[in-house]
Amino acid sequence: MDFTVALAQIKPKLGCLDDNMALAEAAIEKGIAAGADLVVFPELALTGYFLKDLVPEVALRLDSPQIERLKKLSERISIAIGFVEVSADFRFFNSAVYLEDGEIRHVHRKVYLPTYGLFDEQRYMARGERFRAFDTRFGRIGMLICEDMWHLSAPYILAMDGAMTLICLSSSPGRGVTESEGLGSAAAWQKLTTTTAMFLNCRVFYCNRVGYEDGINFWGGSEAISPSGEMTDRGAILEEDFVLAKVDGGALRRERIFSPMMRDENLAITVKELKRIDREKDC
């Protein structure tokens with residue numbers, strides 16, 4: 001099916017749940033007014049990124065009033081949004097929730113928590129333990145959160161689980177400069193999203209935030225990538241934006257016929273060899 005996705009490239013306020021919720025609701029209403037079928041937000045859109053000791057203060061249960069409000073809004077448009085989740089045993093996760101038709105369809109807890117350079121996520125949050133695709137009205141989808149996508153096994157697992165669309169929620173700071181004087185982190189992500197889409201014959205929706213926290217900027221550049229690896233729509237760099245991408249449902253079918261890499265992928269060999277490698281590492 002054809003559909004329209006909105007990438008809400010917003011500027012969350014650090015630790016301000018109420019303000020960020022209002023920002024999200026405004027973007028959702030904008031998406032509905034524009035005729036979008038799905039709106040995607042950045043990583044930790046409801047809280048801001050460099051939370052540190054604020055994590056317990058802004059964490060939400062899945063039955064919190066904020067999530068209940070988003071469930072209600074999802075009766076009008078599907079929603080993918082990032083937040084800090086607190087579990088029943090008081091662990092905190094960098095999570096993304098997908099809501100549709102008034103229900104939570106899926107929750108992904110970030111598996112790979114970076115602890116290098118500017119990052120110290122694992123000090124404050126627990127790691128997720130799985131990657132799972134799930135069914136939506138747009139077909140089978142898989143969600144990743146920022147660093148997850150830099151581990152080749154993560155999008156591969158989701159593709160093997162039947163995902164035809166990958167949604168990546170991100171809070172990527174601007175770092176480095178390329179030879180052409182562009183932003184290094186932007187160039188790296190653009191290579192990653194297009195390559196992932198091309199090798200897995202899947203759509204990729206990447207939503208990155210903007211703004212500053214503790215003097216560190218987030219660069220935006222949210223984008224929609226077709227199953228051929230072609231960038232079809234991209235948001236502004238370093239500025240708030242609202243990207244509307246029209247998705248050609250037939251493009252996925254055409255690409256998988258033309259380039260049947262997913263059809264020919266041999267999961268049994270992959271599993272066998274990974275088990276062998278794991279055994280040999282134990283020796």
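Biologist: Is Phe3 buried or exposed?

Modeller: This is a predicted model, and in it Phe3 has a relative accessibility of 4%, so Phe3 counts as buried, the cut-off being under 20%. Thr4, which is found in strand S1, is also counted as buried, at 10% relative accessibility.

Biologist: Which residues is Thr4 in contact with, leaving aside its neighbours within four places in sequence?

Modeller: Thr4 touches Gly35, Ala36, Asp37 and Leu38, and it is also in contact with Leu244, Ala245 and Lys246.

Biologist: In what order do the strands of the open sheet stand?

Modeller: The six strands follow the order S5-S4-S3-S2-S1-S14, with mixed pairing. Strand S5 (103–109) and strand S14 (241–247) are at the edges with a single partner strand each, so one side of each is left without a neighbour in the sheet. From one strand to the next, the twist averages 25°. Within this sheet, strand S1 (residues 3–9) pairs with strand S2 (residues 38–40) in the parallel sense over three bridges, and Val5 has Leu38 as its bridge partner in S2.

Biologist: Which helix lies across S1, S2, strand S3 and S14?

Modeller: That is helix H1 (residues 17–33), which runs at about 40° to S14.

Biologist: How should I read a pair of aromatic rings?

Modeller: Such a pair is described by the distance of the centres and the angle of the planes. In this model the count comes to twelve aromatic pairs. For Phe3 and Phe138, the ring centres are 4.6 Å apart and the planes are at 35°, so the pair is tilted. Phe3 lies in strand S1 and Phe138 in the loop between strand S6 (134–136) and strand S7 (139–145), so this pair ties together parts that are 135 residues apart in sequence. Phe138 is buried, with a relative accessible area of 5%.

Biologist: Why is the pair of Tyr49 and Phe218 edge-to-face?

Modeller: The planes of these two rings are at 70°, with the centres 6.1 Å apart, so the pair is edge-to-face, for which the angle must be over 60 degrees. Tyr49 lies in the loop between S2 and helix H2 (55–58), whereas Phe218 lies in strand S11 (residues 216–219), so the pair ties together parts that are 169 residues apart in sequence. Tyr49 counts as buried at 6% relative accessibility, and Phe218 is buried with a relative accessible area of 1%.

Biologist: Which residues do ring pairs link into a cluster?

Modeller: The cluster consists of Tyr49, Phe50, Tyr116, Phe119 and Phe218, linked by ring pairs.

How values were computed
Residues are numbered from 1 along each chain as its sequence is written. This is a predicted model: local features need pLDDT of at least 70, side-chain atom pairs count only at pLDDT 80 or more; totals for chains, interfaces and linings use all residues. Side-chain values use heavy atoms; hydrogens and water are left out. Two strands pair if DSSP finds at least two bridges between them. Helices (H or I, at least four residues) and strands (E, at least two) are DSSP runs, numbered from the N terminus. Axes are lines fitted to C-alpha atoms, for helices over the stretch in contact, and angles run from 0 to 180 degrees between N-to-C directions. Contact means heavy atoms within 4.5 Å. Buried means under 20% relative accessible area, exposed over 50%, partly exposed in between (1.4 Å probe, protein chains only). Rings of Phe, Tyr and Trp (its six-membered ring) pair if their centres lie within 6.5 Å; planes under 30 degrees apart count as stacked, over 60 as edge-to-face and the rest as tilted.
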